Amino acid sequence: MIETFTALLLAHVLADFTLQTNWINANKSRPHVLVLHGAIVWITAHLALGQIYDATLALLTAAHLLIDAIKTYGGFRKLGAFLLDQMAHLATLLAAASYAPTLWSTGAWAAYDPLLPLMALAAGAITALTAGRHAVALLMQPHTQRIRNAGLRDGGRQIGLLERGLIYLMMLAGQPLGVGFLIAAKSVLRFGTAMRDQRLAEYVIIGTLASFGWAIATALATQALLGALPPLEIIPSSP
């Protein structure tokens, strides 16, 4: 079951965060665009499992579209709605993996078990970077109009990506103390800003803590998933 869930998890984050363009996200209220997104979900699920066609994946796609339709047509666009949306998707992935646990073992990639930890790492990286960017942006949205941004264009977004990527790598490498050094370094670099503009300083602190927390939680969840999968053996052991 865990093998099937891992492949479905990677397919989900690819479809929802990597292959879902800004145009698809902005136009998903149009039925044909929603269907296009569903086709991407359906294809990525089959590719991740190495299946040509399976009815369970068709049902999983239908559930994905239903969840997205409720969110889109209901006008739910805040952080809480995003988190509930993703929890609902995770629940459907678990349900599909429980109902059809052999989807991985009967697929084309079944002989390549080392792919599974790589899939878990890739899913975690996409969640830490891209999903994290979306979640932090939704959290900060009410405050964005109240600050004066005199920095580089997209500078904050790129800083967020870099810090979440570093934290994800350090946590998986067993170096959590590095996260503390990263917080200290960012505090020193932002000290001047904090002294001049309290509102901007609070904005940066909230965004930083949210970004760090998201990356740490994602890394811990990825570690837990890796612990349930076959070990990743890059170099074959000696006979």
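Begin by selecting H12, which sits in helix α1 (residues 2-18). The model on the screen is a predicted one. H12 has a relative accessible area of 7% and counts as buried, because the term applies to residues under 20% relative accessible area. Now display the residues around this histidine. Leaving out residues up to four places away in sequence, H12 touches H64, Q86, H89 and L93. For a sense of distance, select L189 as well: L189 and H12 are 177 residues apart along the chain, and their C-alpha atoms are separated by 37 Å.

**From α1 to α3**

To view the contact itself, show the side chains of T4, A7, L8, A11, A15 and D16 in α1. On the side of α3, they meet H37, I40, V41, T44, A45, A48 and L49. Colouring these residues by class gives nine nonpolar, three polar and one charged.

**The pair α6 and α7**

Next, select helix α6 (residues 115-144) together with α7. Their axes come within 10 Å and cross at roughly 145 degrees. As to handedness, α6 and α7 form a right-handed crossing. The residues of α6 in this contact are A120, L121, G124, A125, A128, L129, G132, R133 and V136. Those of α7 are R157, L161, R164, G165, Y168 and L172. Which classes of residue make up the contact of α6 with α7? There are nine nonpolar, three polar and three charged residues.

**Annotated spans**

An unreviewed UniProt entry lists residues 39-67, 79-100, 120-140, 161-183 and 203-229 under "transmembrane region". Two of these spans may be selected in turn. Residues 120-140 are 100% helix and 0% strand, and the C-alpha atoms at the ends lie 28 Å apart. Residues 161-183 are 83% helix and 0% strand, with end C-alpha atoms 15 Å apart.

**E163 in α7**

Within helix α7 (residues 155-172), select E163. Is this glutamate buried or exposed? E163 is buried, with a relative accessible area of 7%. Setting aside neighbours within four places in sequence, E163 is in contact with L182, K186, T208, S211 and F212.

**The pair α8 and α10**

Now select helix α8 (residues 177-189) and helix α10 (residues 198-227). The two axes come within 12 Å and cross at roughly 165 degrees. The two helices are therefore roughly antiparallel to each other, since angles over 145 degrees are described in this way. The crossing in which α8 passes α10 is right-handed. In α8, the contact is made by V179, L182, I183 and K186; in α10, by V204, T208, F212 and I216. These residues divide into six nonpolar, one polar and one charged.

**F212, the last stop**

Finally, select F212 in helix α10. F212 is buried, its relative accessible area being 4%. When neighbours within four places in sequence are left aside, the residues in contact with F212 are E163, I167, V179, L182 and I183.

Notes. Residues are numbered from 1 along each chain as its sequence is written. This is a predicted model: local features need pLDDT of at least 70, side-chain atom pairs count only at pLDDT 80 or more; totals for chains, interfaces and linings use all residues. Side-chain values use heavy atoms; hydrogens and water are left out. Axes are lines fitted to C-alpha atoms, for helices over the stretch in contact, and angles run from 0 to 180 degrees between N-to-C directions. Helices (H or I, at least four residues) and strands (E, at least two) are DSSP runs, numbered from the N terminus. Angles under 35 degrees count as roughly parallel, over 145 as roughly antiparallel, 65 to 115 as roughly perpendicular and the rest as oblique. A crossing is left-handed if the near helix is turned anticlockwise from the far one by less than a right angle, and right-handed if clockwise. Contact means heavy atoms within 4.5 Å. Ala, Val, Leu, Ile, Met, Phe, Trp, Tyr, Cys and Pro count as nonpolar, Asp, Glu, Lys and Arg as charged, and the others, Gly among them, as polar. UniProt positions are given in the numbering used here, feature names are shortened, and annotations may be inferred rather than shown by experiment. Buried means under 20% relative accessible area, exposed over 50%, partly exposed in between (1.4 Å probe, protein chains only).
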